[in-house]
Structure formats: structure tokens, C-alpha cells
Amino acid sequence: MPVDPATLYLRLYPDPILRQKAGDVGDVTDEVRAVAARMLELMHEAEGIGLAAPQAGVPWRMFVAYVPPIPEDDRHLGDDPMTAHDEPRVYIDPVIVEMSGDLEPYEEGCLSLPEIRGEVRRTPIVTIEATDLEGNRFRETCEGLMARCLMHEFDHLEGVLIIDRMTPMSRLKNRSRVKDLEKQAAML
Ligand code: ZN
């Protein structure tokens, strides 16, 4: 069954698709490009910096990201390693090649977990390899918020959410909100 991009919408926790391990995409077909375009739309509508296919209800190894430059926030174009994008990017069948540096805590949120924010420890630098919309493999090394965004989105492909990775203190702080989301879903 081909995916109809028009039917895709943002999935919220505890939608079971967020807990599935996503499957390889393989060839970049028109269907894949149409789903990527819809994901970019959903990401922009929700004012996020990244969105993984499972969050749109599609169990594929694909995500989109756009971390625009903001000089005050140490996000500049042309930094090496990269800290910002000049335009949104699509990552298909991504592989994390290397993570380096000591784990650092930083407050993260997630479009699928509204009103939840907590500290997640990740490495500051990541090298990722993926396929682009033309079907070519590319590799990039990123730092700062962009590195964090790519690792966060990659987690989604494994069914991992920030509530699994949060520091114990943040987990405690968000416990009742997580329970609320579970209750809301049970009432639907
Ligand atoms: Zn997320």
C-alpha cells in the first residue's frame, strides 16, 4: 500500500508507532520524495527543527531537519563542524558513523511530547551518513544544536524518545505530564 502523504499527521505519545523500530527506505522513489515533502510541512507547521518519519506515522528510516543559523546562539553557516543549515535537509537510511566528546546535558523537547522538556546527555559532535533526495549518500559532521537534533531524530528511528534518555531529575519533573498524555490517549 503506497503512503498517501495527504493523510499524514503529527503523532503524539503514546502512539505505538513512536515505539517501533523503523525499516530501511532503500530506493528514493517519488513516494519517498512526497512523504519527505509532507514531513517538512508538518515540521514547519509545528515550528520544530526536526521530524522523523515515525512521528508522521510512517515506519521508515528517514528524518528531516532544519537548524537555521542564529549567530547569538552560536549557530553560524560555514562552521566546521557544521552548526547550522542553509536550508532544510532530508536524511534517508541514516547511519551514525561516530559520536565524539564527553556527554553534555542540554534541555530538549519533542514535537510528539507536547509541553515536555528535560535534560538529555549526548555527545557534542556527531558524524552521520545518509541518502539525500537524489539518492546519493552524503556524510556530515555536526556540532552544537544541530548534532543534538540529528541524534534526537535518529533515536526516533529506533523507537527511543527523550523520556527514555532524560536525567532522573528531569524524568521526575515530567512524570505527571507524561501520565496526562497517556490518559488523554486512553480516552480517545
Ligand atoms: Zn522528537
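Okay, so let's start with Pro-81, which sits in the loop between β2 (62-65) and β3 (89-100). Helices here are DSSP runs of H or I with at least four residues, strands are runs of E with at least two, and both are numbered from the N terminus. The bond joining Asp-80 and Pro-81 is a cis peptide bond, with omega about 0 degrees. There's another cis bond from Tyr-13 to Pro-14, omega near 5 degrees, and Pro-14 is in the segment before α1 (30-45).

Quick word on what you're looking at: this is a predicted model, where local features need pLDDT of at least 70 and side-chain atom pairs count only at pLDDT 80 or more, while totals for chains, interfaces and linings use all residues. Residues are numbered from 1 along each chain as its sequence is written, and side-chain values use heavy atoms, with hydrogens and water left out.

Now, the overall layout. The protein chain has 4 helices and 7 strands, and in sequence order they go α-β-β-β-β-β-β-β-α-α-α. Its radius of gyration is 16 Å, close to the 16 Å the globule rule gives for 188 residues, so the chain is as compact as a globular protein of that length. (That's taken over C-alpha atoms, and the rule is 2.2 Å times the number of residues to the power 0.38.)

On to the metal. Which residues coordinate the zinc ion? They're Cys-110 through SG, plus His-152 and His-156 through NE2, at 2.1 to 2.3 Å. Donors means N, O and S atoms within 2.8 Å of the metal, or 3.2 Å for Na, K and Ca; water is not among the atoms, so sites may look incomplete. The spacing along the chain reads C-x41-H-x3-H. His-152 and His-156 are 4 residues apart in helix α2 (residues 144-157), which puts about one helical turn between them. Both of those histidines are buried, where buried is under 20% relative accessible area, exposed is over 50%, and partly exposed is in between, using a 1.4 Å probe and protein chains only.

Last stop, two glutamates. Glu-47, in the loop between α1 and β1 (50-52), has a positive phi near 55 degrees. Glu-115, in the loop between β4 (104-109) and β5 (117-122), has a positive phi too, near 65 degrees. Why point that out? Because most residues other than glycine have a negative phi. As for accessibility, Glu-47 is exposed at 72% relative accessible area, and Glu-115 is exposed at 68%.
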